[in-house]
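Colleague: Please take a close look at one residue for me. Start with its place in the chain, then show me the wider picture.

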Amino acid sequence: MIPSGAKEPLTEADRRKTRCCFTGHRPQKLSRPVDDIKVDLENEILAAVRDGYTCFISGMAYGTDIWAGTIVVRLKDRFPDLKLIAAVPFPDFAAFWSDEWKHRYDFLLSRADYVRVICPEYCPEAYRLRNQWMVDHASRIIAVYDGKPGGTYNTIRYARQAGITVKTLDGV
């Protein structure tokens, strides 16, 4: 029994209503200027904040995920209630990245409010499982997409099948 005047604890369904996740391509797959994509990402994140979203989930891949997560971290100065969840597919996910991207990854991990490691070690399904976990815990997805098959396409398709709102930003 909940004491008089106390709030009921939020259910996962309640939390999901204020969570938004990101998906998108690596920089080498995008033909639009990165700075233009970052502006579009920030505008879409701000639109989500205006719509009541306070928690953002980054899949932590280099490119779109890290750009978006970094924007969320920066926006915390203006919106202190914002939270960032880092959804890491497996430990050592960034082990073979360039030093620059590893630095960005480590910075974002250090600023995340919660880190969720999806698989205990690398397996061929780790990325798909990470993407499904993000969609299963959000009610909106912001995608930077070039229209081609691949992980981003599969994540968007999964989200649409689950009835999740998809906001697509042009990656080409």
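Modeller: E121 is found in a loop, the one between β4 (114-117) and α5 (126-136). Keep in mind that this model is predicted. Is E121 buried or exposed? The relative accessible area of E121 is 57%. Exposed means over 50%, so E121 is exposed.

Next, the contacts. Leave aside residues up to four places away in sequence, and E121 touches F90 and P91. Now pick a residue elsewhere in the chain, D51. E121 and D51 are 70 residues apart in sequence. In space they are 36 Å apart, C-alpha to C-alpha.

Now step back to the chain around E121. The chain has six helices and six strands. Along the sequence they follow the pattern α-β-α-β-α-β-α-β-α-β-α-β. The radius of gyration is 16 Å, close to the 16 Å that the globule rule gives for 172 residues, so the chain is as compact as a globular protein of that length. Along its principal axes, the C-alpha trace spans about 55 × 35 × 35 Å.

What about contacts across the whole chain? Take those between residues at least 6 apart in sequence: 80% of them join residues at least 24 apart.

Then there is burial and surface. Of the 172 residues, 46% count as buried. The accessible surface of the chain comes to about 9,200 Å². Carbon and sulfur atoms hold 52% of that surface.

Last, the charges. The chain has 25 positive and 22 negative charges. Their mean positions are 3 Å apart.

Methods
Residues are numbered from 1 along each chain as its sequence is written. This is a predicted model: local features need pLDDT of at least 70, side-chain atom pairs count only at pLDDT 80 or more; totals for chains, interfaces and linings use all residues. Side-chain values use heavy atoms; hydrogens and water are left out. Helices (H or I, at least four residues) and strands (E, at least two) are DSSP runs, numbered from the N terminus. The radius of gyration is taken over C-alpha atoms; the globule rule is 2.2 Å times the number of residues to the power 0.38. Buried means under 20% relative accessible area, exposed over 50%, partly exposed in between (1.4 Å probe, protein chains only). Contact means heavy atoms within 4.5 Å. Accessible areas come from the Shrake-Rupley method with a 1.4 Å probe; for residues, only the protein chains shown count as cover. Lys and Arg count as positive and Asp and Glu as negative; His and the chain ends are not counted. The place of a charge is taken as NZ of Lys, CZ of Arg, CG of Asp or CD of Glu.
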